[in-house]
Amino acid sequence: MSRIGHLPIAVPAGVEVSMKDNIVTVKGAKGTLTQFVDPRVSFKMENGEIMLSVEENTKELSSLHGLYRSLIFNMVHGVSEGYKSTLELVGVGFRASNKGQILELSLGHTHPIFMMLPDEVKVETKSERNKNPLVILESADKQLLGQVCAKIRSFRKPEPYKGKGVKFEGEVIRRKSGKTAAAK
């Protein structure tokens with residue numbers, strides 16, 4: 001029995017939800033998202049809420065029940081309010097800038113890194129004196145935003161000795177002490 005799957009999804013005003021041929025489409029102010037739903041998971045709307053249910057209570061269907069409920073909830077939240085992630089570049093000489101959807105990163109390599117971002121992701125960079133540069137990403141699609149953040153972070157992951165690298169804003173890096181002098 002899925003505990004998450006039984007929770008109703010409230011649909012805010014201005015958001016349209018429709019299902020045709022096991023494909024859920026959610027339209028809102030921030031865009032349109034679609035998601036395939038397994039045919040064994042049934043979908044119904046009543047009183048401005050979405051309810052999902054399954055025919056049987058097997059382990060596989062219970063997990064699918066919770067999965068699709070979470071995916072649809074993320075879609076509804078994304079098209080109404082959107083998602084935002086902020087990445088912080090920690091290190092001497094680390095810089096970020098953007099021209100449209102092209103993000104340019106200088107992360108201590110011999111060359112700058114250029115990354116073309118999808119049209120669904122809006123990017124903004126901030127560089128203030130005596131502060132670490134920030135890359136601010138916004139999107140209606142939570143999954144796509146997470147993939148883009150993971151890709152940017154993979155260019156220079158935070159290392160445990162000095163804490164240099166690309167990290168999420170507010171993320172705490174577990175630090176290691178490093179070498180100690182031998183006692184004589």
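Tutor: Before we start, a definition: two strands pair if DSSP finds at least two bridges between them. Keep in mind that this is a predicted model.

Student: Happy to begin! How many bridges join strand E9 to E10?

Tutor: Strand E9 covers residues 102–106 and runs antiparallel to E10. The number of bridges joining E9 to E10 is four.

Student: And over how many bridges do E8 and E9 pair?

Tutor: Here too the sense is antiparallel. Ala 96, for example, stands opposite Leu 105 in E9. The count of bridges between E8 and E9 is five.

Student: Nice. Which strands are the edge strands of this sheet?

Tutor: The open sheet has three strands in the order E8-E9-E10. An edge strand here pairs on one side only.

Student: Which residue takes a positive phi in the hairpin of E8 and E9?

Tutor: Good one to find in the model! The hairpin has two residues between the strands. The phi in question is near 65°, and the residue is Gly 100.

Student: Let's move to another strand. Is Thr 86 buried or exposed?

Tutor: Thr 86 lies in strand E7, residues 83–90. Leaving aside neighbours within four places in sequence, Thr 86 is in contact with residues including Leu 134, Ile 136 and Phe 168. Its relative accessible area is 15%, and the cut-off for the class is under 20%. Therefore Thr 86 counts as buried.

Note on methods. Residues are numbered from 1 along each chain as its sequence is written. This is a predicted model: local features need pLDDT of at least 70, side-chain atom pairs count only at pLDDT 80 or more; totals for chains, interfaces and linings use all residues. Side-chain values use heavy atoms; hydrogens and water are left out. Buried means under 20% relative accessible area, exposed over 50%, partly exposed in between (1.4 Å probe, protein chains only). Contact means heavy atoms within 4.5 Å.
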